[in-house]
Amino acid sequence: MGSADSKLNFRKAVIQLTTKTQPVEATDDAFWDQFWADTATSVQDVFALVPAAEIRAVREESPSNLATLCYKAVEKLVQGAESGCHSEKERQIVLNCSRLLTRVLPYIFEDPDWRGFFWSTVPGAGRGGPQLRGLCGPCPKQGEDDDENARPLAESLLLAIADLLFCPDFTVQSHRRSTVDSAEDIHSLDSCEYIWEAGVGFAHSPQPNYIHDMNRMELLKLLLTCFSEAMYLPPAPDSSSINPWVQFFCSTENRHALPLFTSLLNTVCAYDPVGYGIPYNHLLFSDYREPLVEEAAQVLIVTLDHDSATSASPTVDGTTTGTAMDDADPPGPENLFVNYLSRIHREEDFQFILKGIARLLSNPLLQTYLPNSTKKIQFHQELLVLFWKLCDFNKKFLFFVLKSSDVLDILVPILYFLNDARADQSRVGLMHIGVFILLLLSGERNFGVRLNKPYSVRVPMDIPVFTGTHADLLIVVFHKIITSGHQRLQPLFDCLLTIVVNVSPYLKSLSMVAANKLLHLLEAFSTTWFLFSAAQNHHLVFFLLEVFNNIIQYQFDGNSNLVYAIIRKRSVFHQLANLPTDPPAIHKALQRRRRPPEPLSRAGSQEGASMEGSRPAVPAEPGTLKTSLVATPGIDKLTEKSQVSEDGTLRSLESAPQQSSAEDSPATEEPSQAWREQRRLSSASASGQWSPTSEWILSWKSKLPLQTIMRLLQVLVPQVEKICIDKGLTDESEILRFLQHGTLVGLLPVPHPILIRKYQANSGTAMWFRTYMWGVIYLRNVDPPVWYDTDVKLFEIQRV
């Protein structure tokens, strides 16, 4: 039968289904087989031949027919899993059913009345015996089960998909000479021997097989569609709502949980998109592995959607796993995927994962002399979510990442993405996850130490050319984001500066370019119109002063560039110390606010030429689709303050009594108390617009930590001026040489303790990650458009 005929017959069957007003009996195989037995339709065909309007019409007008269609399709998948799919015909039926279910499921999820449908039970389908055998009528209502052990339809479907993902000669290479003869063999098969790719806990790399990869991809797409019920529920404030599909699939009920977890992880981390190093190879032959890797990455991050803030530390007993997992830890979450991820502990496994993720994240940065000669992957956002989950759930992995300079192979691509996306409103989510990862890393001392490595890789970014370290790169990129990103990035300023504060005590030598950028930020943030225009803006000045204090007190010797920049811009510090607090001055400053909001001035930032080969960051094309995101918690909720002791260990300050030092800015008070205080000291005008008062300004001006800097200026400015006059100097290098050999030992106030603001897990960020992750998956799945035009509730789809 030709392809055109089979499409025509399939379309006829769909029309029959939508026009029949009477229920079709489940036993009418001649009718139901039209949908999967005699057709060879691609997934794109199924989406074209089964229009959304018709699925909704069947759902409303003949629900029992839609119910029977789903039951019969699941039954066919279960039969395929039982039999082992030996014949080409059986395999075709399995693929057709999985495509049909991928098409129909989102329309089941979008209707609240149907949401429990897959969790209803099928009469006669016990948990013990073959699933779904005895299916013989239209949709039974929940609770009408004749069989106490009846298995809900969702469970039967998920177990069938798991079995089919390890089906010899269909999705994995058969190990036997003769074909597997009986269903019994399928059930006794040890899927741990059939892991898809070498890597964590598995040394053998199977021969690549295009057909197997395509079949795996189709089944994973169906699995992802099953999990996507989460898209049809509005964001919950507590983020603790558990996705029943993921919960069951990642439980001990799924005997393939471990091999599937390792297959997905290894498939992603072993992928090399460049392939054989032949230029333009991606134009000569299509890379069938990439779609599978994308699908694997998406399924993996969804199975790992677990709120670590509300659960026990994710570590687990060692009853079911192989040697790759750590057996010594106490029990942890029931989600086995999170469980396995948290227990990987071998150095070679960490190395494999880190190298794989770094290689893929660096792929879009690859510069070659031949334009477009290397393939560029598109799934970097999924990789960033995966990296976040690894660091969040497996602290041993986090410490491994920070143990060597390998962390910089993650840092540079993240800075590249942040710089590239800063002007594009459709990529706000990418900006947030990049900053969250850097915030998490910056809470560890080793990250600050690693940043001192010289930066020599010249990744093309439209930032000023500089000679310096990775710390300089980080500061220059952050400056670019703050001064030339779009308005919606302002909530991230606190996070960006917190990262700089966290690493500042360890920065041995900033370049002149980076030093000038930091001073330019202080200049911009300490203007009266900016300080007085929002209740939280002065926190940014406190962060920057803390950076300068940390470097002066702990890294003075190598930082003559920064000291010189501070001396040159000393007027900024004097202005801050003499900040006006009288009502007329406040009124004058606010007059500027009534004009349209100004972007931060870039006049004093000495831009300089951009790097060779770089392109400027551009806004999104008008009409670009983006998904909305829930608000992220403030920096006080995102982080927990710790003090570095003399032996280098961290002591949490959250439960300790408040210290009264210059360090105690309003930013370091108990957040809600600080907010109430600010509300009391400022007045809300009749229009509801926030308005500053003299008392409010005085409440934080007195806490500005200026003592160390003022003392430095008091000692060094007269010395520098004297040298300039005595020697008639106008050359910076001479002054820098003098500052390099200068010392402030015994002249500065007693060094303050180092404060680190470490990221802490909280339900607010867990919910943000959920909406971001599903938003990415929604927008990236366009061929076929699995969820497009369905009534999702987790986020809004917007056009830029």
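Reply: Let's start with D349, which counts as buried at 2% relative accessibility (buried is under 20% relative accessible area, exposed over 50%, partly exposed in between, with a 1.4 Å probe and protein chains only). Bear in mind that this is a predicted model, where local features need pLDDT of at least 70, side-chain atom pairs count only at pLDDT 80 or more, and totals for chains, interfaces and linings use all residues. Numbering runs from 1 along each chain as its sequence is written, and side-chain values use heavy atoms, with hydrogens and water left out.

D349 pairs up with R346 in a salt bridge, with 3.2 Å between the closest N and O atoms (the term covers a side-chain nitrogen of Lys or Arg within 4 Å of a carboxyl oxygen of Asp or Glu). R346 itself is partly exposed, at 24% relative accessible area.

Next up is R770, buried with a relative accessible area of 9%. Its side chain meets D305 in a salt bridge, 2.8 Å from N to O. R770 sits in helix α34 (763–780) and D305 in the loop between α13 (289–303) and α14 (336–343), so the pair ties together parts 465 residues apart in sequence. Helices here are DSSP runs (H or I, at least four residues), numbered from the N terminus.

R91 is buried at 17%, whereas E88 is exposed at 53%.

Elsewhere, R56, R59, E60, E110 and D111 link up in a salt-bridge network. In total, the structure holds 33 salt bridges.

Conventions:
Helices (H or I, at least four residues) and strands (E, at least two) are DSSP runs, numbered from the N terminus.
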